[in-house]
Amino acid sequence: MRWGLALANHLTYASGPWGEVGFDLEELRAELGLSYRQGPLEASLGWPFSLYYGGFLDYLLDPLHAALGLPRNKVQGQVLLFARRGEEEHRWEGATWGPRDPYLRLDLYLGEGRLFGGLALPLGSPQRFLGSGGFRVQLGAGWRWEGGEVLGGVVWPLGDQPGLAPFPYGPAASALLRLEGVGVPGLGLEVQGFWGPLRDAGPFTQGFALRFRYGGWAFAEDLSQGLPDVVFSWGRVTSCEP
(Lines give C-alpha, C1' and ligand atoms only; values in the text may rest on other atoms or scores of the structure.)
Protein backbone atom coordinates (compact mmCIF):
# COMPACT_ATOMS: atom_id res chain seq x y z
CA MET A 1 0.00 0.00 0.00
CA ARG A 2 1.23 3.51 -0.72
CA TRP A 3 -0.07 6.97 -0.09
CA GLY A 4 1.17 10.44 -0.78
CA LEU A 5 0.38 14.15 -0.39
CA ALA A 6 1.42 17.04 -2.63
CA LEU A 7 0.97 20.81 -2.53
CA ALA A 8 1.37 22.45 -5.94
CA ASN A 9 1.17 26.11 -6.91
CA HIS A 10 0.12 27.09 -10.44
CA LEU A 11 0.81 30.74 -11.26
CA THR A 12 1.46 31.48 -14.92
CA TYR A 13 0.07 33.20 -18.00
CA ALA A 14 0.72 33.10 -21.74
CA SER A 15 -1.06 34.33 -24.87
CA GLY A 16 -0.50 34.33 -28.61
CA PRO A 17 -2.18 33.56 -31.93
CA TRP A 18 -2.99 30.12 -30.50
CA GLY A 19 -5.12 31.63 -27.69
CA GLU A 20 -4.72 32.54 -24.03
CA VAL A 21 -4.28 30.56 -20.79
CA GLY A 22 -3.83 31.76 -17.21
CA PHE A 23 -3.46 29.79 -13.96
CA ASP A 24 -3.78 31.28 -10.48
CA LEU A 25 -4.53 28.41 -8.13
CA GLU A 26 -3.15 25.91 -5.70
CA GLU A 27 -3.69 22.16 -5.68
CA LEU A 28 -3.69 19.87 -2.67
CA ARG A 29 -3.49 16.30 -3.94
CA ALA A 30 -3.73 13.01 -2.08
CA GLU A 31 -3.22 9.62 -3.70
CA LEU A 32 -3.91 6.13 -2.44
CA GLY A 33 -2.51 3.06 -4.12
CA LEU A 34 -2.39 -0.71 -3.88
CA SER A 35 0.14 -3.01 -5.53
CA TYR A 36 0.87 -6.72 -5.64
CA ARG A 37 4.03 -8.33 -7.00
CA GLN A 38 4.52 -11.95 -7.95
CA GLY A 39 7.88 -12.76 -9.49
CA PRO A 40 8.68 -10.33 -12.32
CA LEU A 41 5.10 -9.01 -12.53
CA GLU A 42 3.62 -6.23 -10.43
CA ALA A 43 0.00 -5.03 -10.69
CA SER A 44 -1.09 -1.76 -9.11
CA LEU A 45 -4.05 0.56 -8.74
CA GLY A 46 -3.80 4.28 -7.97
CA TRP A 47 -6.52 6.82 -7.29
CA PRO A 48 -5.68 10.50 -6.79
CA PHE A 49 -7.95 13.14 -5.23
CA SER A 50 -7.48 16.90 -5.68
CA LEU A 51 -8.62 20.14 -4.10
CA TYR A 52 -8.18 23.32 -6.19
CA TYR A 53 -8.43 26.66 -4.39
CA GLY A 54 -6.96 30.17 -4.41
CA GLY A 55 -4.12 29.27 -2.09
CA PHE A 56 -1.48 31.31 -0.31
CA LEU A 57 1.87 30.57 -2.01
CA ASP A 58 1.05 33.01 -4.82
CA TYR A 59 1.50 35.87 -2.33
CA LEU A 60 5.17 34.85 -2.30
CA LEU A 61 5.53 33.80 -5.93
CA ASP A 62 3.69 36.70 -7.61
CA PRO A 63 6.17 39.41 -6.42
CA LEU A 64 9.05 37.08 -7.28
CA HIS A 65 7.70 36.51 -10.79
CA ALA A 66 7.23 40.27 -11.21
CA ALA A 67 10.79 41.02 -10.07
CA LEU A 68 12.34 38.36 -12.32
CA GLY A 69 10.10 39.07 -15.30
CA LEU A 70 8.55 35.60 -15.20
CA PRO A 71 4.98 34.86 -16.46
CA ARG A 72 2.09 35.92 -14.25
CA ASN A 73 -1.64 35.31 -14.50
CA LYS A 74 -3.23 38.55 -15.72
CA VAL A 75 -6.75 37.34 -14.88
CA GLN A 76 -6.80 37.86 -11.11
CA GLY A 77 -9.49 37.56 -8.45
CA GLN A 78 -11.53 34.39 -7.99
CA VAL A 79 -10.73 33.09 -11.47
CA LEU A 80 -8.61 30.02 -10.82
CA LEU A 81 -8.15 29.06 -14.46
CA PHE A 82 -8.81 30.95 -17.66
CA ALA A 83 -8.59 29.48 -21.18
CA ARG A 84 -9.52 31.11 -24.50
CA ARG A 85 -9.18 29.83 -28.05
CA GLY A 86 -10.74 31.93 -30.76
CA GLU A 87 -14.27 32.80 -29.70
CA GLU A 88 -14.47 29.91 -27.20
CA GLU A 89 -13.67 30.81 -23.62
CA HIS A 90 -13.87 28.99 -20.28
CA ARG A 91 -13.29 30.16 -16.73
CA TRP A 92 -13.13 28.14 -13.54
CA GLU A 93 -14.08 30.18 -10.47
CA GLY A 94 -14.15 29.17 -6.82
CA ALA A 95 -12.76 26.07 -5.14
CA THR A 96 -13.42 22.60 -6.53
CA TRP A 97 -12.49 19.16 -5.25
CA GLY A 98 -13.11 15.49 -5.90
CA PRO A 99 -11.65 12.24 -7.24
CA ARG A 100 -9.47 12.29 -10.35
CA ASP A 101 -9.11 9.54 -12.94
CA PRO A 102 -7.93 6.29 -11.29
CA TYR A 103 -5.47 4.11 -13.16
CA LEU A 104 -4.48 0.46 -13.45
CA ARG A 105 -0.85 -0.45 -14.17
CA LEU A 106 1.16 -3.59 -14.90
CA ASP A 107 4.99 -3.70 -14.64
CA LEU A 108 7.21 -6.45 -16.01
CA TYR A 109 10.72 -6.48 -14.49
CA LEU A 110 13.46 -7.90 -16.72
CA GLY A 111 16.75 -7.75 -14.84
CA GLU A 112 17.78 -4.09 -14.75
CA GLY A 113 15.07 -3.16 -17.23
CA ARG A 114 11.32 -3.07 -17.10
CA LEU A 115 8.28 -2.62 -19.31
CA PHE A 116 5.02 -1.12 -18.09
CA GLY A 117 1.54 -0.39 -19.32
CA GLY A 118 -1.44 1.35 -17.78
CA LEU A 119 -5.04 2.34 -18.30
CA ALA A 120 -6.62 5.50 -16.86
CA LEU A 121 -10.37 5.34 -16.24
CA PRO A 122 -12.54 8.42 -16.94
CA LEU A 123 -14.13 8.81 -13.49
CA GLY A 124 -12.95 12.37 -12.73
CA SER A 125 -15.06 15.33 -13.85
CA PRO A 126 -13.53 17.29 -16.78
CA GLN A 127 -16.03 20.08 -16.08
CA ARG A 128 -14.30 20.60 -12.72
CA PHE A 129 -10.75 20.17 -14.05
CA LEU A 130 -10.50 16.75 -12.37
CA GLY A 131 -10.48 14.38 -15.34
CA SER A 132 -9.64 14.01 -19.01
CA GLY A 133 -13.09 12.85 -20.10
CA GLY A 134 -11.97 9.55 -21.64
CA PHE A 135 -9.85 6.42 -21.35
CA ARG A 136 -6.07 6.77 -21.75
CA VAL A 137 -3.51 4.04 -22.41
CA GLN A 138 0.10 4.29 -21.21
CA LEU A 139 3.08 2.30 -22.50
CA GLY A 140 6.67 2.71 -21.42
CA ALA A 141 10.04 1.23 -20.53
CA GLY A 142 12.86 1.89 -18.11
CA TRP A 143 16.43 0.89 -17.28
CA ARG A 144 18.11 1.08 -13.90
CA TRP A 145 21.78 1.08 -12.90
CA GLU A 146 23.66 1.70 -9.68
CA GLY A 147 22.99 5.33 -8.87
CA GLY A 148 20.32 6.09 -11.42
CA GLU A 149 17.39 5.23 -13.65
CA VAL A 150 15.88 6.41 -16.91
CA LEU A 151 12.19 6.07 -17.83
CA GLY A 152 10.25 6.94 -20.95
CA GLY A 153 6.67 6.48 -22.04
CA VAL A 154 3.75 7.58 -24.15
CA VAL A 155 0.08 8.15 -23.30
CA TRP A 156 -2.58 7.72 -25.96
CA PRO A 157 -6.19 8.92 -25.52
CA LEU A 158 -8.93 6.60 -26.71
CA GLY A 159 -11.35 8.93 -28.50
CA ASP A 160 -11.87 12.68 -28.20
CA GLN A 161 -11.25 14.14 -24.74
CA PRO A 162 -12.16 17.68 -23.64
CA GLY A 163 -9.16 17.98 -21.30
CA LEU A 164 -8.53 21.65 -20.60
CA ALA A 165 -11.34 22.93 -22.84
CA PRO A 166 -11.09 24.62 -25.29
CA PHE A 167 -7.69 22.87 -25.57
CA PRO A 168 -8.39 19.13 -25.94
CA TYR A 169 -6.12 16.32 -24.80
CA GLY A 170 -4.08 14.46 -27.40
CA PRO A 171 -1.16 12.00 -27.32
CA ALA A 172 1.62 12.72 -24.83
CA ALA A 173 5.22 11.59 -24.32
CA SER A 174 7.57 12.02 -21.36
CA ALA A 175 11.08 11.07 -20.26
CA LEU A 176 12.63 11.08 -16.79
CA LEU A 177 16.24 10.80 -15.62
CA ARG A 178 16.70 9.95 -11.94
CA LEU A 179 20.09 10.26 -10.21
CA GLU A 180 20.73 9.19 -6.62
CA GLY A 181 23.29 10.45 -4.10
CA VAL A 182 23.85 13.79 -5.88
CA GLY A 183 26.38 15.71 -3.77
CA VAL A 184 24.70 14.74 -0.48
CA PRO A 185 24.09 11.13 0.62
CA GLY A 186 20.40 10.33 0.24
CA LEU A 187 19.69 13.29 -2.06
CA GLY A 188 18.17 12.44 -5.42
CA LEU A 189 17.75 14.57 -8.53
CA GLU A 190 15.17 14.04 -11.27
CA VAL A 191 15.01 15.78 -14.64
CA GLN A 192 11.70 15.40 -16.47
CA GLY A 193 10.65 16.50 -19.93
CA PHE A 194 7.26 16.13 -21.58
CA TRP A 195 5.27 16.86 -24.72
CA GLY A 196 1.46 17.04 -24.59
CA PRO A 197 -1.24 16.18 -23.71
CA LEU A 198 -2.56 19.70 -24.47
CA ARG A 199 -2.74 20.41 -28.19
CA ASP A 200 -2.22 23.78 -29.89
CA ALA A 201 -1.70 25.49 -26.52
CA GLY A 202 1.51 27.42 -27.17
CA PRO A 203 4.13 27.01 -24.41
CA PHE A 204 1.81 24.72 -22.43
CA THR A 205 2.32 21.84 -24.89
CA GLN A 206 5.84 20.95 -23.69
CA GLY A 207 8.16 21.59 -20.78
CA PHE A 208 10.90 20.56 -18.35
CA ALA A 209 11.13 20.32 -14.56
CA LEU A 210 13.70 19.59 -11.85
CA ARG A 211 12.79 17.54 -8.78
CA PHE A 212 14.90 17.04 -5.65
CA ARG A 213 14.15 14.08 -3.37
CA TYR A 214 15.33 13.25 0.12
CA GLY A 215 13.73 10.24 1.75
CA GLY A 216 9.99 10.49 1.27
CA TRP A 217 10.09 14.25 0.69
CA ALA A 218 10.42 16.03 -2.64
CA PHE A 219 10.54 19.54 -4.06
CA ALA A 220 9.97 20.26 -7.76
CA GLU A 221 10.55 23.47 -9.72
CA ASP A 222 9.32 23.97 -13.26
CA LEU A 223 11.54 25.23 -16.07
CA SER A 224 8.64 26.09 -18.36
CA GLN A 225 5.04 27.26 -18.33
CA GLY A 226 3.56 23.82 -18.83
CA LEU A 227 4.04 22.58 -15.26
CA PRO A 228 3.23 23.89 -11.76
CA ASP A 229 5.65 26.53 -10.47
CA VAL A 230 6.52 24.59 -7.33
CA VAL A 231 5.43 21.25 -5.88
CA PHE A 232 6.07 20.06 -2.32
CA SER A 233 5.30 16.36 -1.88
CA TRP A 234 5.60 13.50 0.57
CA GLY A 235 5.04 9.81 0.00
CA ARG A 236 5.19 6.57 1.94
CA VAL A 237 5.00 2.88 1.05
CA THR A 238 4.00 0.20 3.55
CA SER A 239 4.07 -3.57 3.15
CA CYS A 240 1.12 -5.79 3.96
CA GLU A 241 3.25 -8.95 3.94
CA PRO A 242 3.22 -11.05 7.13
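Predicted model: local features only at pLDDT ≥ 70, side-chain atom pairs only at ≥ 80, totals over all residues.
Student: How many aromatic pairs does the structure hold?
Tutor: Rings of Phe, Tyr and Trp count as a pair if their centres lie within 6.5 Å. By that rule, the number of aromatic pairs in the structure is 6.

Student: Is the pair of Trp 47 and Phe 49 stacked or edge-to-face?
Tutor: The centres of Trp 47 and Phe 49 are 5.8 Å apart, with 20° between the planes. Planes under 30 degrees apart count as stacked. Therefore the pair of Trp 47 and Phe 49 is stacked.

Student: Is Phe 49 buried or exposed, or in between?
Tutor: Buried means under 20% relative accessible area and exposed means over 50%. Phe 49 has 34%, so Phe 49 falls in between and is partly exposed.

Student: What angle lies between the planes of Trp 217 and Trp 234?
Tutor: Trp 217 and Trp 234 form an aromatic pair at 6.3 Å centre to centre. The pair is tilted, and the angle between its planes is 50°.

Student: Which strands does that pair link?
Tutor: Trp 217 and Trp 234 are 17 residues apart, and their pair links distant parts of the chain. Trp 217 is in residues 217-222 and Trp 234 in residues 230-237, which are strands β14 and β15.

Student: Which residue has Arg 37 over its face?
Tutor: A charge sits over a ring if CZ of Arg is within 6 Å of the ring centre and within 35 degrees of the ring normal. Arg 37 lies at 4.1 Å from the ring centre of Tyr 109. The residue is Tyr 109.

Notes:
Residues numbered from 1 in each chain as written. Heavy atoms only, no water. Phe/Tyr/Trp six-rings, centres within 6.5 Å; stacked < 30°, edge-to-face > 60°. Buried < 20%, exposed > 50% of the residue type's maximum accessible area, 1.4 Å probe, protein only. Helix = DSSP H or I, 4+ residues; strand = E, 2+ residues; numbered from the N terminus.
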